[in-house]
Amino acid sequence: MKTTVLLVISSAILTACSSPENTIIPASSGSQTSSVVESGKAEVSKLSPIIQITNYYAVNNGESSVTLNGRQLTMSWQLKNSYAYDSQHRLIRQTTTARNNSNWWEELSYQYTPDLTQRYRNSENKDMLNILLLNERGYIKGNDGPDEYIYNEDGYLIRYRGNNQQDTYTIKDGNVVARETVFNSGSVQRNTYEYDLAKPGLPSPLTFRGQQSNNLLTKQTLVTTDTKSSASDTNVFVYSYDTDKQGRPIREFVIANTEPSPRSIREFIYQ
């Protein structure tokens, strides 16, 4: 068995959360939280929606600098995702831009009709529509059959079947603590997750994907097994965060313990 350990710093969970180059602009204190949730024995306030996620990479002579474990790093941004929500806090638009091509962009817009009408457009004049079926709680249930997405009574996704795989999720104290993915090819991935129960989790912009984990992710262990050869690889990821004055995660680094530079950096702006 081969084991690789990855150290992650200052994280957020989502696709590409971000903030401006050197300066993080926090939301006003009045919009910091939206509600209180109970996780285990501790109650934590939910964070307000994320309106921007930016992916960075470490590079010599980058346009901004950050400190990681006492060491100065320079970085440049790659992709910037901006999100907009309606009055019911549902995602209605996601816009993506890229650093290496100022003329390129893509946009996903959503209308709730009551099913989800998804429109994709980009700078290359592509314009496509897709209809996603929603359940009575407004969560995606898929188009390929009634059991494509299955949720528990609390609204957490507990099973997904499609795309040549099946995912099974384990929920405990309002958090996803395990996910097993069985691929049609025969390989299996098993993820386990650990959380800081005193801190709220990062909100996902994909509001139609069911309830998200209540608390802040601190560790992920991934074991991948090839059932044909019985060989397995283990990867351990540890998450830590830079926060603003309100205690909200604003920056995430992901690094391998054997590598001097982070594999990815993300920053977040809240509504």
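Predicted model: local features only at pLDDT ≥ 70, side-chain atom pairs only at ≥ 80, totals over all residues.

Me: Is Asn125 buried or exposed?

Reply: Asn125 sits in the loop between E9 and strand E10 (127-132). Its phi is near 70°, a positive value in a residue other than glycine. Because the relative accessible area of Asn125 is 74% and the cut-off for exposed is over 50%, Asn125 is exposed.

Me: How does Asp173 count by relative accessibility?

Reply: Asp173 also has a positive phi, near 55°, and is a residue other than glycine. The loop that holds Asp173 runs between strand E13 (165-172) and strand E14 (175-183). Its relative accessibility is 42%, which lies between the limits of 20% and 50%, so Asp173 counts as partly exposed.

Me: Which backbone oxygen does the side chain of Asn215 reach, and at what value in Å?

Reply: Asn215 is in strand E16 (residues 215-226). With a relative accessibility of 0%, Asn215 counts as buried. Its side chain reaches a backbone oxygen, that of Lys199, at 3.1 Å.

Me: Which residues are the closest to the centre of the largest pocket?

Reply: The largest pocket has a volume of about 1,000 Å³. Its lining comprises 37 residues, and the closest to the centre are Tyr169, Arg179, Ser204, Arg209 and Gln212.

Me: How many residues of each class are in the lining of the largest pocket?

Reply: The elements that give two or more residues to the lining of the largest pocket are E8, strand E12 (157-162), E13, E14, strand E15 (187-200) and E16. By class, this lining has 23 nonpolar, 11 polar and three charged residues.

Me: Which elements give two or more residues to the lining of the second largest pocket?

Reply: The second largest pocket has a volume of about 630 Å³. Of its 25 lining residues, the closest to the centre are Lys46, Pro203, Ser204, Thr207 and Gln211. The elements that give two or more residues to this lining are strand E2 (33-39) and strand E3 (42-47).

Definitions and conventions:
Residues numbered from 1 in each chain as written. Heavy atoms only, no water. Helix = DSSP H or I, 4+ residues; strand = E, 2+ residues; numbered from the N terminus. Buried < 20%, exposed > 50% of the residue type's maximum accessible area, 1.4 Å probe, protein only. Polar contact = N/O pair within 3.5 Å; in protein donor to acceptor, adjacent residues only side chain to side chain. 1 Å grid on protein atoms, 1.4 Å probe; cavity = no way out; pocket = protein on both sides within 12 Å on 5 of 7 lines; lining within 4 Å. Points joined across faces, edges and corners; volume = space filled by probe spheres on them. Nonpolar A, V, L, I, M, F, W, Y, C, P; charged D, E, K, R; others polar.
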